[in-house]
Amino acid sequence: MQSYFAVATIILLLILIFSRVVLLRKMGIKVMKFAKTHKSDFLLPPFALLYFYLVFASAFNWPKVGTELFSNEIIQWVGVVLCILALIFIFLSLISFGKSFRIGIDLDHPGTLVTTGTFAISRNPLYTSFAVILLGIFLIFPNWVFLLYIFAGMWAFHRQVLREEASLKEIYGEEYIEYCKRVRRYLQHLCSFNSLMASIML
């Protein structure tokens, strides 16, 4: 059962991202800015595709690499919960993003600076959610390869965040600097998250 949640997480993640891309494209907004400023980003898709394959392979007993480090059903369900929470956070973040959502760095038409919604508790809610999904799937499939992906993913996310921060400072100037003083790079205090959830429920 838990393995199917992992597969569903990957599928829903892709649906959420690409549906937003299609929606904004229909509005005349070019979302895909991937590798426009850093050609080395083209190295990421093969690693992502391999990750997706490994998730499906682990769920459906296809050929795969690596061995499990442990086996615990409770820990697997913790992984499921983390994946669900991350997907909810991604959904809310895409709503908060509005028309400013981009894949990659858009120096020409960056949109307005978003500081509300999930961006009031994290400057990078999508990357934070992606990291939680990596952790959640590792707990579902405690394969040492998925553990490596956690570290590789964290490094790749952080590298991209630093690139984007430099661009955002250039684009928005003092407005972004003041925003950085109010909100942490990855996640604010838990009370801020509770406030966000309370505002959604009202």
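1. A salt bridge here is a side-chain nitrogen of Lys or Arg within 4 Å of a carboxyl oxygen of Asp or Glu. Applied to this structure, which is a predicted model, that rule gives a count of 3 salt bridges.

2. One of the 3 salt bridges joins the side chains of E165 and R123, at 2.8 Å from N to O. The two residues lie in distant parts of the chain, 42 residues apart. E165 belongs to helix α5 (residues 144-172), while R123 sits in the loop between β2 (103-104) and α4. Side chains of opposite charge can pair when their charged atoms come close.

3. The next points concern helix packing. Two packed helices are described by the angle between their axes and the distance between the axes. Helix α1 (residues 2-26) packs with helix α4 (residues 125-140) at about 160 degrees, and the axes are 9 Å apart. Because angles over 145 degrees count as roughly antiparallel, α1 is roughly antiparallel to α4. The two helices cross in a left-handed sense. On the α1 side the contact uses Q2, S3, A6, T9, I10, L13 and I17. On the α4 side F130, I133, I137 and I140 take part.

4. Helix α4 also packs with α3, again at an angle of about 160 degrees, with axes 8 Å apart. That angle makes α3 roughly antiparallel to α4. The crossing of α3 and α4 is left-handed.

5. Helix α2 (residues 44-60) packs with α5 at an angle of about 150 degrees, and their axes lie 12 Å apart. The pair is therefore roughly antiparallel. Where α2 passes α5, the crossing is left-handed. The α2 residues in contact are L44, F47, L50, Y51, L54, V55 and S58. Their partners from α5 are V145, F146, Y149, A156 and R159.

6. Which helix supplies the largest share of the nonpolar patch? Helix α3 (residues 73-97) does, with 5 residues.

Notes
Residues numbered from 1 in each chain as written. Predicted model: local features only at pLDDT ≥ 70, side-chain atom pairs only at ≥ 80, totals over all residues. Heavy atoms only, no water. Helix = DSSP H or I, 4+ residues; strand = E, 2+ residues; numbered from the N terminus. Axes fitted to C-alpha atoms, helices over the stretch in contact; angles between N-to-C directions. Parallel < 35°, antiparallel > 145°, perpendicular 65-115°, else oblique. Left-handed = near helix turned anticlockwise from the far one by under 90°. Contact = heavy atoms within 4.5 Å.
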